[in-house]
Amino acid sequence: MAWLVLVISGLLETAWAIALDRSAGFSRLIPSVVFAVTLLLSMAGLSYALRDIPVGTGYAVWVGIGAVGTALVGMLALGESASLPRILCLLLVVAGVIGLKIFH
């Protein structure tokens, strides 16, 4: 259960990062509220997962999922560069996250 919560928390990290960008420095209400709610849920999930998963592994997985998710949203929906080297680097992060799970 801890790993499932950790993955969901990592996805929520993507949500709060995008909402933070969209909040325009907290000047827009809806994205600011989405940011606050998803941040709290993401942190609560991370906290829960760290009861059973070592902090180094849990935090690295959480950040990796959030970073890859945010970069993918940027490339697919926000017009950011989707170059081959960038995609390969994201795949390396995914491989690292999978490796941390396998060797946990």
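This is a short chat about reading a predicted model.

Visitor: What should I know before I start?

Guide: It's a predicted model, so local features need pLDDT of at least 70, side-chain atom pairs count only at pLDDT 80 or more, and totals for chains, interfaces and linings use all residues. Residues are numbered from 1 along each chain as its sequence is written, and side-chain values use heavy atoms, leaving out hydrogens and water.

Visitor: How many helices and strands are there in the protein chain?

Guide: Helices (H or I, at least four residues) and strands (E, at least two) are DSSP runs, numbered from the N terminus. Here you get 4 helices and 0 strands.

Visitor: What does the radius of gyration tell me about the protein chain?

Guide: It's taken over C-alpha atoms, and the globule rule is 2.2 Å times the number of residues to the power 0.38. For 104 residues a compact globule would come out near 13 Å, and the protein chain has 14 Å, which agrees. The C-alpha trace spans about 40 × 35 × 15 Å along its principal axes.

Visitor: Where does Glu13 lie, and which residues does Glu13 touch?

Guide: Glu13 lies in helix H1, residues 2-22. Contact means heavy atoms within 4.5 Å. Leaving aside residues up to four places away in sequence, Glu13 touches Ser42, Trp62, Val63, Gly66 and Thr70.

Visitor: Is Glu13 buried or exposed?

Guide: Buried means under 20% relative accessible area, exposed over 50%, partly exposed in between (1.4 Å probe, protein chains only). Glu13 is buried, and buried residues make up 35% of the 104 in the protein chain.

Visitor: Which side chain of opposite charge is nearest to Glu13?

Guide: Lys and Arg count as positive, Asp and Glu as negative; His and the chain ends aren't counted. A salt bridge needs a side-chain nitrogen of Lys or Arg within 4 Å of a carboxyl oxygen of Asp or Glu. Glu13 has no salt bridge, and the nearest opposite charge, Arg86, is 14 Å away.
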